[in-house]
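Student: I have a model open and would like to talk it through with you. Could you take my questions one by one?

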Amino acid sequence: MGYLKNQAFKEPLPNTVLWRYMDLAKFLSLIITKNLFFTKVQHLMKEDPYEGYVPDKDSMFINEVSLTYVSCWHMNTYESMAM
């Protein structure tokens, strides 16, 4: 399955460090199945209204939140306690 590129976001270079915080069960699932888990944005927004938020001007899918799934990663050279 492909994805749509959004010109508002830079595609990371091949040597970019990416972080993903998850519990051990999800990590083991990732390693064993070699598949990413995608969560419905609607589920994330129940606990945090800003989770999955995209400003109107940057989103083609603003009215399709019920059909949108995400796998959130953090791009940085160091670990962030805030994440």
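Student: Which residue with a positive phi follows helix 1?

Tutor: Happy to start there, with a note that this is a predicted model, in which local features need pLDDT of at least 70, side-chain atom pairs count only at pLDDT 80 or more, and totals for chains, interfaces and linings use all residues. Residues are numbered from 1 along each chain as its sequence is written, and side-chain values use heavy atoms, leaving out hydrogens and water. Helices (H or I, at least four residues) and strands (E, at least two) are DSSP runs numbered from the N terminus. With a phi near 55°, the residue that follows helix 1 is Lys-34.

Student: And which residue caps the N-terminal end of helix 1?

Tutor: Helix 1 covers residues 24–33. A side-chain oxygen lies 3.3 Å from the backbone nitrogen of Ala-25, and the capping residue that supplies this oxygen is Asp-23.

Student: In what order do the elements of the protein chain run?

Tutor: The protein chain has two helices and four strands. Read from the N terminus on, their order is β-α-β-α-β-β.

Student: Is Ser-71 buried or exposed?

Tutor: Ser-71 sits in the loop between strand 3 (69–70) and strand 4 (74–75). Buried means under 20% relative accessible area, exposed over 50%, and partly exposed in between (1.4 Å probe, protein chains only). The relative accessible area of Ser-71 is 19%, so this residue counts as buried.

Student: Which side chain is joined to that of Ser-71 by a polar contact?

Tutor: A polar contact is a pair of N or O atoms within 3.5 Å; within protein, one must be able to donate a hydrogen and the other to accept it, and residues adjacent in sequence count only if both atoms are side-chain atoms. Contact in general means heavy atoms within 4.5 Å. Leaving aside neighbours within four places in sequence, Ser-71 is in contact with Arg-20, Leu-36, Phe-37 and Phe-38. The polar contact, at 3.0 Å, joins the side chain of Ser-71 to that of Trp-73.

Student: What is the relative accessibility of His-74?

Tutor: His-74 belongs to strand 4. His-74 counts as buried because its relative accessibility is 14%.

Student: How far apart in space are His-74 and Val-17?

Tutor: In sequence, His-74 and Val-17 are 57 residues apart. Taken C-alpha to C-alpha, their separation in space is 8.5 Å.
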